[in-house]
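Please keep the structure open while reading.

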Amino acid sequence: MTNIKKWFSHHLEDNAREGELFPKYYWNPYLVGIGLGIVLLSSFVIMGRGLGASGALSSMVAVVVNAFAPDHAAHNNFYQGYLGDGTVSPFKDWLVFLVIGVFIGGFISGAIAGRNKMMIEKGPRISNKKRLLFAFIGGSLMGFGAKMARGCTSGQGLTGGSMLSVGGWAFMLMVFAGAYATAYFVRRQWT
Amino acid sequence: MTAPFFKFGYFNDEVSLIIAFIIGIGFGFFLERGGFGSGRLLAAQFYFTDMRVFKVMFTAIVTAMIGMFYFSWIGFVDLSLVYYGTTYLAADILGGLILGIGFVIGGYCPGTSAVSISTGRIDGIFYALGGFFGIFVFGEAYPMLENFVNSYSMGMINIPQLLDINYGFVLFIVILLAIAGFTAAEWGERFMAKKKASEG
């Protein structure tokens with residue numbers, strides 16, 4: 001455990017500290033946006049599909065449910081959609097491999113910048129325990145919402161948005177609306 | 001038309017997984033470069049102090065949108081072979097709202113939580129665990145939700161088709177909106193910085 005912690009805390013410069021924001025160390029957001037846009041464009045041109053993230057989580061949930069209660073999973077259209085007909089492993093999936101890449105790409109970028117550090121992201125006015133509880137609650141809502149909308153900020157937002165999808169734009173506007181409407185009530189967590 | 005390459009059978013499924021992996025690395029790299037491994041920086045969007053979520057998202061959307069329009073115009077990409085999510089209007093709206101609420105409470109969205117975990121953020125791990133739980137709850141409730149989730153089904157439809165107007169015109173409007181949004185975001189950040197300075 002301490003080794004892992006040490007490994008994560010190799011800093012080039014101390015630009016990852018708890019309770020402080022370091023926006024100036026990141027790349028210009030417009031430049032990052034163009035970079036992400038080119039990644040998305042490559043995906044369209046090479047594969048004919050865009051990016052996604054939440055689908056990989058669903059595959060894992062479906063596999064776990066199927067392992068514990070195969071009959072139950074067999075009678076549920078949602079799980080079946082991820083399990084398929086059983087001839088191919090649900091992990092042999094485009095989105096699963098994409099998300100593994102996301103982990104590695106994020107790690108590489110963080111390592112170059114010296115930002116890989118074991119820490120909890122939060123404002124100064126909230127305890128660690130509460131922040132982790134909020135993270136779990138937020139994650140649960142995200143999981144539920146992403147499955148209802150059949151996609152998340154990557155699948156519906158970036159991919160749908162750039163293809164001018166009706167659902168993608170409706171989804172994206174509602175994400176911002178929901179987040180802005182709730183921000184006031186959780187301000188102690190972040191500010 | 002020669003693209004999308006996969007749809008024209010230039011390579012098989014196995015190769016497509018390797019491509020997914022490489023594209024994922026690029027995706028994760030730029031997310032981290034933008035500061036999206038940090039829940040605090042992501043949440044700052046919703047307090048108007050750092051609007052990079054909006055800036056990055058819309059720059060990416062505009063870049064890919066213009067690129068696809070250009071590639072289709074020169075006859076390189078067949079736009080009709082590019083898959084994006086089918087529209088189920090009611091579920092997209094309610095799902096987006098719930099995800100947005102989860103975003104500001106949890107600090108991440110699915111893709112950014114992966115980056116936060118790989119850069120060591122413990123809250124990102126709890127967020128992802130919550131994500132599993134939320135998907136499980138949705139899966140269990142699915143038989144009850146099925147009717148709602150499949151309501152207002154419109155198929156794979158884009159805004160130009162819905163409004164029956166020119167694709168290029170919609171593209172132009174989106175670019176104008178993005179520029180207006182970027183200007184407002186820059187102004188908002190300066191305003192919040194000034195406000196903070198005068199309070200502090």
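Helices (H or I, at least four residues) and strands (E, at least two) are DSSP runs, numbered from the N terminus. Just after helix 5 of chain B, Gly120(B) takes a positive phi of about 95 degrees. The model is predicted: local features need pLDDT of at least 70, side-chain atom pairs count only at pLDDT 80 or more, and totals for chains, interfaces and linings use all residues. Residues are numbered from 1 along each chain as its sequence is written, while chains are lettered from A and ligands numbered from 1 in the order in which they are written.

**Chain B overall**

- Chain B contains 8 helices and 2 strands, in the sequence order α-α-α-β-α-α-α-β-α-α.
- The C-alpha trace of chain B spans about 60 × 45 × 35 Å along its principal axes.
- Of the 200 residues in chain B, 49% are buried (20 or more other C-beta atoms within 10 Å of the residue's own, with C-beta atoms placed from the backbone).
- Two residues are in contact if their C-beta atoms, placed from the backbone, lie within 7 Å. Among contacts in chain B between residues at least 6 apart in sequence, 66% join residues at least 24 apart.

**Helix 5 of chain B**

- Helix 5 (residues 110-118) of chain B is largely enclosed by the rest of the structure, because 9 of its 9 residues are buried.
- Its buried residues include Pro110(B), Val115(B), Ile117(B) and Ser118(B).

**Helix 7 of chain A against helix 4 of chain B**

- Helix 7 (residues 128-148) of chain A packs with helix 4 (residues 89-106) of chain B at an angle of about 165 degrees, their axes lying 7 Å apart. The two helices are therefore roughly antiparallel (angles over 145 degrees).
- Axes here are lines fitted to C-alpha atoms, for helices over the stretch in contact, and angles run from 0 to 180 degrees between N-to-C directions.
- Among the residues that meet are Phe134(A), Gly138(A) and Leu141(A) in helix 7 of chain A, and Leu94(B), Ile98(B) and Gly102(B) in helix 4 of chain B.
- The residues of this contact divide into 15 nonpolar, 7 polar and no charged. Ala, Val, Leu, Ile, Met, Phe, Trp, Tyr, Cys and Pro count as nonpolar, Asp, Glu, Lys and Arg as charged, and the others, Gly among them, as polar.

**Interface as a whole**

- In total, 117 residues of chain A are in contact with 110 residues of chain B.
- Helix 2 of chain A gives the most to the side of chain A that touches chain B, with 18 residues.
- That side of chain A has 68 nonpolar, 39 polar and 10 charged residues.

Technical notes: Buried ≥ 20, exposed ≤ 12 C-beta atoms within 10 Å, placed from the backbone. Parallel < 35°, antiparallel > 145°, perpendicular 65-115°, else oblique.
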